[in-house]
Amino acid sequence: MKIIRNANLHAPEPLGLRDIVVCSGKIAAIHQCGVTTGGLECDEYDAGGDIVCPGFVDNHAHVLGGGGGLGFSSRAPELQASQLIKAGITSVIGMLGFDATSKNMAALVSKTKALREDGVSAYCLTGATLEHPVPTLTGMIRTDIAFVDEIIGVGEISISELGYGYDSFGAGAQYVAEAAVAGLLAGRLSRKAGYLCLQVPPYLSQVLKPMFQVVEKTGIPITHFIPSHVNQTDGYMEDAAEWGRRGGWVDIGANYSPENNYARATLPSEAYRRLLEAGVGADRILISSDGNGAPPKEEKGENKPRVANYMPMRNLHRALCRIMDEGIAELPQALAAVTSNVARATGLTQKGRLAPGCDADLLVLDRNLGIRSVFAMGQAAMIDGELRRRGMFDRILLDELS
Ligand SMILES: [Zn+2]
């Protein structure tokens, strides 16, 4: 058992000063301050009135390492548990992404299991960005989601059957619809969301338009899809605003910004503001890192980019801080974009909220929203900036990647 005392609780809705009782990795109770242990042996942590919020739920990360578009040396290394903990991410959803040639679903599921052993709540999606049909572990999307505990959905899949850089002839949208239905049916069987994470070719004319047709023609719920990094271009932002107004999730990529070599992207905080102004409900907006990915850097005035653009996990937290620094939202609303909204979109009902019965994934934030301490499944993962949990190979990780 553990008691976290004097927490300025943001669940993410503000609940005032509270003591949080944790038992067997779950939140057992939330009390007025001054709760007594009745003689039970109990670890105590005093938050001293600091903000305590749910651990971040990152719905898009390349846990095996993304990249590979610039030679074998551009394949990013595997993500380490400490990178997640330091970034305040206590739940992560991994996916293969671009390179499903040198990496596969067996490796992804193995890595997901490894992160769980290291104390982080990890999940993954079946599939890859550029292949139609997508690679799977068991041979089918349905059986992957139905029978593999770690796999909770499908993605990221490009709408275009021709891949990332090309508009679809139309067969791509058809395939995405079929993959989405496979996820939907398997998800019902296994009580998972079975949702589909979408990748769209952002620089071409169609952007999300084929997906409006998919939703209209098939009746698949719009909330079954998560269009990823919608702030990549203005055209994508426009379509995403319409998608969000219709009740769909819109996912802002924390690493897509002019400050991170994406000249045509909108700064995540600015994207958040623009989506709100365009009439998208704050409860529809998600932010993810696309972290540990390493797409080719977009170089100005050059056709052939030569350097990988590494995407740090920490920029998820930075995007949140930026929204707050710029006064775009109140803290509970901004927090929802990296906690409760994400948990709802991905069907992780135990995550993203601090309430009795939920998993005890908590962050303690200082006055400037710096991440002071992290608890993952009730275990101390970082205390006052000092890591308490590491993966087996974390000690040899280069600092600049964290
Ligand atoms: Zn990605």
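Mentor: Start with the zinc ion, whose donor residues follow the spacing H-x1-H-x93-E-x133-D along the sequence. Glu156 belongs to strand 9 (residues 151-158) and His60 to strand 6 (residues 56-61), so this pair ties together parts that lie 96 residues apart in sequence. Strands here are DSSP runs of E with at least two residues, helices are runs of H or I with at least four, and both are numbered from the N terminus. Keep in mind that this is a predicted model, where local features need pLDDT of at least 70 and side-chain atom pairs count only at pLDDT 80 or more, while totals for chains, interfaces and linings use all residues. Numbering runs from 1 along each chain as its sequence is written, and side-chain values use heavy atoms, with hydrogens and water left out.

Now the atoms themselves. The ion is held by NE2 of His60, NE2 of His62, an OE of Glu156 and an OD of Asp290, at 2.1 to 2.2 Å. A donor is an N, O or S atom within 2.8 Å of the metal (3.2 Å for Na, K and Ca), and since water is not among the atoms, a site may look incomplete. The four donor atoms subtend angles of 79 to 167° at the zinc ion, which makes the arrangement irregular. For reference, tetrahedral needs all four-donor angles between 85 and 135 degrees; square planar (four donors) and octahedral (six) need opposite donors over 155 degrees apart and all others between 65 and 115; anything else is irregular. Both His60 and Glu156 are buried, where buried means under 20% relative accessible area, exposed over 50% and partly exposed in between (1.4 Å probe, protein chains only).

Next, back up to the start of the chain. Seven of the nine residues of strand 1 (residues 2-10) are buried, so the rest of the structure largely encloses this strand.

On to the charges. In general, side chains of opposite charge can pair when their charged atoms come close. The model has 23 salt bridges, counted when a side-chain nitrogen of Lys or Arg is within 4 Å of a carboxyl oxygen of Asp or Glu. One of them joins Arg75 to Asp99, with 3.8 Å between the closest N and O atoms. That pair links distant parts of the chain, 24 residues apart: Arg75 is in the loop between strand 6 and helix 1 (81-86), Asp99 in the loop between strand 7 (89-94) and helix 2 (105-117). Arg75 has 33% relative accessibility, so it counts as partly exposed, whereas Asp99, at 8%, is buried.

Another is Asp239 with Lys209, at 3.0 Å from N to O. Asp239 is in helix 6 (residues 234-245) and Lys209 in helix 5 (residues 209-218), so the contact ties together parts 30 residues apart in sequence. Lys209 is partly exposed at 42%, but Asp239 is buried at 8%.

Asp359 and Lys351 make a salt bridge too, their closest N and O atoms being 2.9 Å apart, and both residues are buried. They belong to a salt-bridge network that also takes in Lys26 and Asp361.

Last stop: Ile323, in helix 8 (residues 315-325). With 0% relative accessibility, Ile323 counts as buried. Leaving aside residues up to four places away in sequence, Ile323 touches Ser269, Tyr272, Ile287, Ile328, Ala329 and Ala334, contact meaning heavy atoms within 4.5 Å. Leu335, twelve residues from Ile323 in sequence, is 9.8 Å away, C-alpha to C-alpha.
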